[in-house]
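User: I'm new to reading structures, and I'd like to know where the labels come from. Could you walk me through this one?

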Amino acid sequence: MGSPPSFLTSFFAGKFGITERDLESYLSEALSAGGEYADLYFEYLSNTSIGIDEGIVKSASESVTLGVGIRVIAGERTGYAYSDDLSPEKIRKAARVAALIARGPASVVKTGFQEASKHNLYPMITSPHEVGLAERVDLVKRADAAARAYDSRVFQVIANYADSVREVLVASSDGRLSFDRQPMARMGVAALARETDGVPQQGYSGGGGRVTLDFFLNEKTPEHFAKEAARQAIVQLSAVDAPAGESIVVLGPGWPGILLHEAVGHGLEADFNRKGVSAFSGRIGQQVASPLCTVIDDGTIGSRRGSLNVDDEGVPTQKNVLIENGILRGYLQDTLSARLLKSASTGSGRRESYQHIPMPRMTNTYMLAGQSDPEDIIRSVPKGIYCATFGGGQVDITSGNFVFQATESYLIENGKLTRPVKGATLIGNGPEALKYVSMVGHDLQLDEGIGICGKEGQSVPVGVGIPTVKIDKMTVGGTAA
Amino acid sequence: MSESLIDIARSAVRRALDAGATGAECTISEGEEFSAGVRMREVENLKQAGSRGAGIRVLVGNLTGSSRTSDLSAQGIESMVSGALDLARITTPDPHAGLPDPADLGRFAGDLKLYDDSVARLETEFKIAQALKAEEVALSADARITNSEGASFDSYLGSRVFANSLGFAGEYRTSSCGLSVVPVAKQNGSMERDYWQSSAREAARLESPEEVGRRAAERALRRLNPRKVPTQKVPVIFEPRTARMLLGDLFDAVDGGSIYRHASFLTGKLGEKIASEALTIIDDATMPGLFGSSPFDDEGVSSRRTVVIERGVLKSYLLNTYTALKLGLKTTGNASRGLAGAAGVGPGNFYIEAGTSSEQDLIAGVQRGLYVTELIGASANTVTGDYSSGAAGLWIENGELAYPVSEITIAGNLKQMLMSLEQVGANLEFRSSIASPSLLIGEMTISGQ
């Protein structure tokens, strides 16, 4: 397919005429009051979204945002400024503001950039506008029709489709130059169902990734998500109250991997550990999970929602082992934490946009498959709860307490799934919860691609995955005795 | 040479009409943000920047499309307008799509004190010093405060402009500043953090660094060495911070968008008694100096006060033009949106009216129960009212706060929780657009050991 793209052919060079000389001059301005490191993050994000509600395509929207974020690091201190105007004088002005963090003579910027290596994990597309709007409208209409056709008790459907392309360019004072074009698409369907004049119940399903519209025509169709949302709403119609108290919990494969994201992932982000405020601080090498558990954070899986060719600091993403056979192995590092901890970046520096300071974040977090047959896992439980689908989760990294919301669960009675139960929050403690994992299935699944992770006010897309897992003890927040 | 934002908004609306739209509304916002973060007595980060953006929604008959951009040049606006028109043509006609009734458009007459120059005049050195002081007070409050996630001082100066094709054009400025600190307490292998934050639209109304630091430290310390209580049903007191979160969940149930879709357990309950007599909920966007106030909503409808629940009776939903039309009601001036898209429904100052009992009295009336200071991962199902959340707090024994508890959940159903609301505290403070005094709920299920 020809030679790899070079900076000259990159988006920002082409559209805004930015040269390597310009980048060097902005970085020099950023280090004009000293500091050891500076970087520039240029971003151009275009987004289109379509929504159907009550069978009417009520909304169609597009947006374009662009800007540059400039960071200066001096010791543990970070200066940050941004501009949504890419004119040289505005960028220089922002660079001078970021420079205020340092108080000393100017530092020297290395001249001559080295283009960083990067993965090739997602399709190269031109621009979402070059794909017909009508095709997108058709996706939400198909979802609406399929959810209604699934069962006559479905009476309300909302479906949304959104896609975006993010162009990024990162240049740093130590000579790193990196650029990437990052596609993202996502579809979501919510359905409400009720018996005649009964109480409504809801179901939701969605997915996508770093893919284009084709994905929804060929791989995961609107009908796939629509049927799943409708099915969940129908299941809830016969749900009984969830149990209250400690119970054996079996997690189904896929999206329940959010357990890992909350229970261990956040607690292993290097910023928290550098500061000693995580329940996992200082525990490298210790047993924090059952020997059956190996947990990975991998930003290099093709087309996944959490994947990136390079992270938001221009560093290629990696496959990082967090927990190996129950032993805590490593933290997720960004450039700043790596500098301060005299370690290397793990390709985990991420940010929501050019307006945000990067920090260590997860990408796709999952547990490796084990040996057990999922059927055997359920059969081994005399009384417990099986969680098939989750809503979201949250963690207090200092105490280590985390929660996640089960939205589709079933009672397990004498080794069999019996009645569906209503949604409930489950709570556990990060460094303890995974010690109770007693069986791990051979059925690892990654989620469908809907995860959004929030940290300190910044949202980034992530993925999770898990095989069927049995946890011998966890607290279930229902209301039934 | 630069055109005023209101002129840009007017001209965007005009361009849309010239290009074939039958109606249009344009929102522009501009802001300047600053934040200083300190940690362990050192400056950790400084951030400062300004940004702006515009959004337009166009109507072509009953079709609507919208678009936003951060490029406010003539060319940027032109491309935003044509993008929205292109999108409108692919939607399907919605008989309820439209603009507000012209009679509802306008601006609340009084001075809402949303902008105060004192925030613009704050020096960077002063802001850093405030954050350092708040953290120092927290760190030196007790030997068990051994660490900190940091303290920060933030400020924001903004302008918001709205114009539509019915001739409305309005603008208002806002200012805000905030001071917060997150100390970490440690004892016998137990590590806990908590925070305190003060925000205000004028600098003088901010709580002092001493107050912020002291309260944050107090909160972190009282969480140390928590126990996990057995599973049981007991009365639960939500302190103002957690009561406000619960009230936020209740907002979704009176949002007209949930009502017309039958996605709220309060659908069809207008005029009915849905809560105990102790509960009165108001939404009021006309209270001077508060975070939920504005002279007009995001459709140009003048702001107002709406009684949502009065002594337990559901009096009104909260509505924008669209949801009002769907329900055959009048807008309550609660339209809310970012820059683009159809307006949703958002709160003004959405609050529970204060009762007469002190929080101390509420606690004293509980033999055995939970005082909730933190909700984590709260999940409120607006459709059914089912509620379940992770929680931490203090256990109440014989009318007194006895010891900290954590790693538990609380669960119930909002319908029953509203009915079993026994008392509302007198301690109402407006710290954000959603505000509540302490609430005593008769019974909820605690899941623990």
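This is a predicted model: local features need pLDDT of at least 70, side-chain atom pairs count only at pLDDT 80 or more; totals for chains, interfaces and linings use all residues.

User: How do you know that chain A and chain B are in contact?

Analyst: Residues count as in contact if their C-beta atoms, placed from the backbone, lie within 7 Å. Here 65 residues of chain A pass that test with 56 residues of chain B, so the two chains are in contact. Strand β2 (residues 56-74) of chain A gives the most to chain A's side, with 12 residues.

User: What makes up the side of chain A that touches chain B, by residue type?

Analyst: That side has 27 nonpolar, 29 polar and nine charged residues.

User: Why do strand β3 of chain A and strand β2 of chain B count as a pair?

Analyst: Strands pair if DSSP finds at least two bridges between them. Strand β3 (residues 77-83) of chain A and strand β2 (residues 42-60) of chain B have five bridges, so they qualify. They run in the parallel sense, and A:Tyr82 has B:Ala49 as its bridge partner in β2(B).

User: How do you know that β9 and β10 of chain B pair?

Analyst: The cut-off is at least two bridges, and strand β9 (residues 281-284) of chain B is joined to strand β10 (residues 305-310) of chain B by four, so that's a pair. These two run antiparallel, with B:Asp284 opposite B:Arg305 in β10(B).

User: Why are β11 and β19 of chain B called edge strands?

Analyst: The open sheet has five strands in the order β11-β10-β9-β14-β19 (chain B), with mixed pairing. Both β11 (313-314) and β19 (434-435) of chain B pair on one side only, and that is what makes them edge strands.

User: What makes up the domains of chain A, and how far apart do their centres lie?

Analyst: The domain assignment gives domain 1 (7-236) and domain 2 (244-477) of chain A. Their C-alpha centres lie 23 Å apart. The contact takes 38 residues from domain 1 of chain A and 27 residues from domain 2 of chain A. On domain 1's side, β6(A) gives the most, with seven residues.

User: And which domains does chain B have?

Analyst: Chain B is assigned domain 1 (5-34 + 47-104), domain 2 (117-159 + 172-221) and domain 3 (226-449). The C-alpha centres of domain 1 and domain 2 of chain B lie 39 Å apart, and their contact takes seven residues from domain 1 of chain B and six residues from domain 2 of chain B. Strand β1 (residues 23-39) of chain B gives the largest share of domain 1's side, six residues.

Technical notes. Residues are numbered from 1 along each chain as its sequence is written. Chains are lettered from A and ligands numbered from 1 in the order in which they are written. Ala, Val, Leu, Ile, Met, Phe, Trp, Tyr, Cys and Pro count as nonpolar, Asp, Glu, Lys and Arg as charged, and the others, Gly among them, as polar. Domain bounds come from an automatic or database domain assignment.
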